[in-house]
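Subject: Structure for your review

Dear colleague,

I am handing over the structure below, and I would be glad if you could look through it. My notes on what was found follow directly after it.

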Amino acid sequence: MVIFIYDQTFEGLLSAIYDAYILKRFPDHLRGSGELAALAAPGAHQVETRPDKVERVFRSLCRKLTRQGLQQILMAWLSEETGSEDLLFRYLHKALDSGGRTEKDLGDPDVLAVWRLARKIGREAERYAGFVRFQKTGQGVYFAVIEPRHNLLPLLKRHFAGRLAGQAWAIYDTVRHYGVFWDKSGFRDFTVDEALLCDGGLRPDLLEEGERFLQRLWQSYFAACAVRERLNQRQQQRCMPRKYWKYLSEKQPVRPWTDL
Amino acid sequence: MNMITEKTLKKLQILGASAKYDVSCASSGVRREGWPGSLGSVSSWGVCHSFADDGRCISLLKVLLSNYCRYDCAYCLNRAGNDLPRAVFNPEELAGLTMEFYRRNYIEGLFLSSGVYRSPDDTMEGIVRTLRLLRGKYRFTGYIHAKCIPGASPELVLQAGSLADRLSVNVEIPSAVNLKKLAPDKDHQSIYAPMRLIRDKLAESPAGRGPAFAPAGQSTQLIIGASNENDQDVLRLSSLLYQRAGLKRVYYSGFIPVNAYDSRLPALSEPPLRRERRLYQADWLMRFYHFQVGEIVDDPHPQLDLDLDPKSAWALRHPEFFPLNPNRASYRELLRVPGLGPESAKRILAARRCRKLHPEHLAKLGVVMKRARFFLEESHSTDIHSLGPDKVRSLLLGEESGAAAPNPAWGRALQAPLMGFQRA
């Protein structure tokens, strides 16, 4: 069995492709250098991640895949699902060997799997594009916390930079313990002391004075706009599963806003 | 904080609740990025920000500017004769509130309608002032849907169109006779005149050239079940509105008896939700599946089948069209197969160029085989000809009761494409 060990970055994945073509040896599995399984594979090839390899492979891919196809690969990569690296490796191998139609061949199980993976993360990103809730901090930064299944920040940051370019905002991923901060001109990754977080947002003492009242306004609107004669909480939960509620201000208990 | 006070809370409760019977919620139909110094973008597929307890998508802050109304329409909660709390937003207050909500990602934008408080022109002016504050003072580039008040002057309608993404004039009651009966202050003339004006202005300013006029087009709403029009009347009207008036959307609102005391209205034990859902499905067939209205409802079948979706109903009436071969059928033919939609049909077209497709491929491509299997070749001996339409109907009905398909208008409307993402 051929095993390649790489650094678990996207660039590393492309470098592994490069090495495979040079060595004319295609791995059955990719392993991260930190994984236990990597230790148990003594004859494994160690992939060195290098910009020239990445560049070379990326250029070839651009000839074989459309923009949508490239996007699918990146999204499948961000899904971080187990086995997705092996899957992506097989997909890229097929794409590079093909005449350029791989991404359309949904009858192929690997192509179908990548497409489904990309769709899955796309759906989660689309949900979060709506469900992210910013809270205004005392410093005037709009801050939101998310708990996504996939690594969504690279997708969400573009969406929100296009939308809320004129304000400073930050989104923090509590699963991966990193966030993206937009300072009105560029992005910066950051981490926070998670003791500052509570109830799906920031601790109340860090928020701007009027924030609680704004949330109360939104809660009132949310309650007022439901049509009583057509209550349908099953539909509500289907479209907005409970796991998101913790972060939605409209789903928090109504609290007096004057106690601060 | 820009005129937002505790009074705003009370107003928001009143004016949000008064706007809730307008079912339109979409923020789609146009795509726009913000620019430096502005705030807001519009994605072409629309974003749902929350889902209310009635399961409806909340995309826009949907409020009335005022729920004072001089009209006394039988079907309307806010009719002049009703004794209920009334309020008026100050345009500055509402614009500020919209911005605060938008900055927190609660909403995609604003949906502004109003009761007719002094005159149609006064009301429309208030709407235009609010829009102008948002677009001017706040440099808001998010989505705005504005209602045109029947009877308002053309000048104000045009101003609203130059500020809003979408305009709408609600027809409400499908036939002129019934409208006159239920809403004596209104007539179809006052509704269709602004609709025509908007259509003509839209035709003058093709997308992308010159200052945009209502780039997401216009829409309207029909109330279903407050008057005696049948589905054929309703769908023929929609079809005309799409073709002649160039509307982007017609919304159907199952009548909720808010004024049970009014004897001109039918006594309904519950809103006609199932009929509403069938109408939306039929509407979908006209807009995305290349169906003509006469194929969905005709003189022998003037009402939609409440137990079966209109496409399946059509397919059962037309067994001669089937079975189709997924490896050869055209796109338009595939669209006629129950269980297949535009997305899965396109996927089939792409995938079959690479290899011959078998039924097990189709299921993985997102085709609902439970319904499609009766209408495709290679489905072994289960197609509509061997089983007969009656048997297929009973099998489809078994399906239908098992899975309560979400209503397209009340849940999320369209599958969004994957989010735009390029390599950094």
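I begin with a cysteine: B:C148 is buried, with a relative accessible area of 1%, where buried stands for under 20% relative accessible area, exposed for over 50%, and partly exposed for the range in between (1.4 Å probe, protein chains only). Its sulfur has the sulfur of B:C69 as the closest from another cysteine, but at 16 Å this is too far for a bond.

Please keep in mind that this is a predicted model, in which local features need pLDDT of at least 70 and side-chain atom pairs count only at pLDDT 80 or more, while totals for chains, interfaces and linings use all residues. Residues are numbered from 1 along each chain as its sequence is written, chains are lettered from A and ligands numbered from 1 in the order in which they are written, and side-chain values use heavy atoms, with hydrogens and water left out.

To stay with the cysteines, the search of the whole structure finds 1 disulfide over all chains, a disulfide being a pair of cysteine sulfur atoms within 2.5 Å. The disulfide joins B:C48 to B:C57, with an S to S distance of 2.5 Å, and the link is left-handed, with -105° about the S-S bond. B:C48 counts as buried at 12% relative accessibility, and B:C57 counts as buried at 6%, whereas A:C198, at 27%, counts as partly exposed.

Turning to the interface, the contact (heavy atoms within 4.5 Å) takes 75 residues from chain B and 76 residues from chain A. The area buried between the two chains, that is, the accessible area (1.4 Å probe) that two parts lose on being put together, summed over both, is about 6600 Å², of which carbon and sulfur atoms give 60%. Between chain B and chain A there are 5 salt bridges, each defined as a side-chain nitrogen of Lys or Arg within 4 Å of a carboxyl oxygen of Asp or Glu. A salt bridge is formed by A:D105 with B:R355, whose closest N and O atoms are 2.9 Å apart. On the side of chain B that touches chain A, α1(B) gives the most, with 7 residues, helices being DSSP runs (H or I, at least four residues) and strands likewise (E, at least two), numbered from the N terminus.

Over all chains, the search of the whole structure finds 38 salt bridges. One of them pairs the side chains of A:D110 and A:K94 at 2.8 Å, N to O; the pair links distant parts of the chain, 16 residues apart, with A:D110 in helix α6 (residues 109–131) of chain A and A:K94 in helix α5 (residues 84–97) of chain A. A:D110 is buried, with a relative accessible area of 11%, while A:K94 is partly exposed, with a relative accessible area of 29%.

In chain B, B:R264 forms a salt bridge with B:D262, the closest N and O atoms lying 2.8 Å apart; B:R264 counts as partly exposed at 30% relative accessibility, and B:D262 is buried, with a relative accessible area of 8%. Back in chain A, salt bridges that share partners join A:R90, A:K94, A:D108 and A:D110 into one network. Finally, B:D54 forms a salt bridge with B:R56, with 3.4 Å between the closest N and O atoms, and both B:D54 and B:R56 are buried.

With kind regards
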